[in-house]
Amino acid sequence: HNFEIFQVCFAFQVALPGFISLFSGPAKIFSSERRTWFAFLISVLFGKIGWDYERYLNARNRCPTSELDPRFWLHFNWHLCSTLAHMFWISYAGQLQIEMKNLTKEGKVK
């Protein structure tokens with residue numbers, strides 16, 4: 001039960017395919033074709049910030065007990081943001097795969 005190993009493995013699972021997909025394909029990195037990739041990144045970062053804050057509160061035994069306190073929902077925020085990030089990345093990667101197959105058929109990519 002080593003949380004640090006979990007964090008490293010999780011970060012690797014997100015970062016490696018995320019950055020490979022960012023640098024794949026013919027579109028420029030900062031282009032509208034990659035907007036869903038950046039939505040993925042923002043979702044992961046927003047969720048991670050909330051998760052880290054939740055862990056900070058937990059380590060100091062200051063977790064809120066009332067669901068009326070917005071901090072009560074930090075863990076839910078992580079799950080929501082990671083779900084959205086997955087949705088954005090799958091949308092981006094699927095479109096990228098279709099685009100690359102079309103370019104291959106046209107002989108523009110080997």
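Begin by selecting Phe38, which is partly exposed at a relative accessible area of 23%, where buried means under 20% relative accessible area, exposed over 50% and partly exposed in between (1.4 Å probe, protein chains only). This is a predicted model, in which local features need pLDDT of at least 70 and side-chain atom pairs count only at pLDDT 80 or more, while totals for chains, interfaces and linings use all residues. Residues are numbered from 1 along each chain as its sequence is written, and side-chain values use heavy atoms, with hydrogens and water left out.

A search of the whole structure finds 14 aromatic pairs; rings of Phe, Tyr and Trp (its six-membered ring) pair if their centres lie within 6.5 Å, and planes under 30 degrees apart count as stacked, over 60 as edge-to-face and the rest as tilted. For another pair, select Phe6 and Trp51, whose ring centres are 6.2 Å apart and whose planes stand at 80°, so the pair is edge-to-face. Phe6 lies in helix α1 (residues 3-22) and Trp51 in helix α2 (residues 35-59), so the pair ties together parts that are 45 residues apart in sequence; helices (H or I, at least four residues) are DSSP runs, numbered from the N terminus. Phe6 is partly exposed at 41% relative accessibility, whereas Trp51 is buried, with a relative accessible area of 10%. Returning to Trp37 and Phe38, their rings also form an edge-to-face pair, at 5.0 Å centre to centre and 80° between the planes.

Now widen the selection to Phe3, Phe6, Phe10, Trp51 and Trp78, which form one aromatic cluster. Beside Phe3, show Arg55, which lies over the face of the ring at 3.7 Å from the ring centre; a charge sits over a ring if NZ of Lys or CZ of Arg is within 6 Å of the ring centre and within 35 degrees of the ring normal.

Trp78 leads on to helix α3, being one of its buried residues, which also include Cys81, Tyr92 and Leu96. The buried residues of α3 pack against α1 and α2, contact meaning heavy atoms within 4.5 Å. Just after α3, look for Gly107, which takes a positive phi of about 80°.

Finish at Ser21 in helix α1, a residue that counts as buried at 5% relative accessibility. A polar atom of the Ser21 side chain lies 2.8 Å from the backbone oxygen of Gly18. Leaving aside residues up to four places away in sequence, Ser21 touches Arg34, Trp37, Trp89, Tyr92 and Leu96.

Conventions:
Helix = DSSP H or I, 4+ residues; strand = E, 2+ residues; numbered from the N terminus. Polar contact = N/O pair within 3.5 Å; in protein donor to acceptor, adjacent residues only side chain to side chain.
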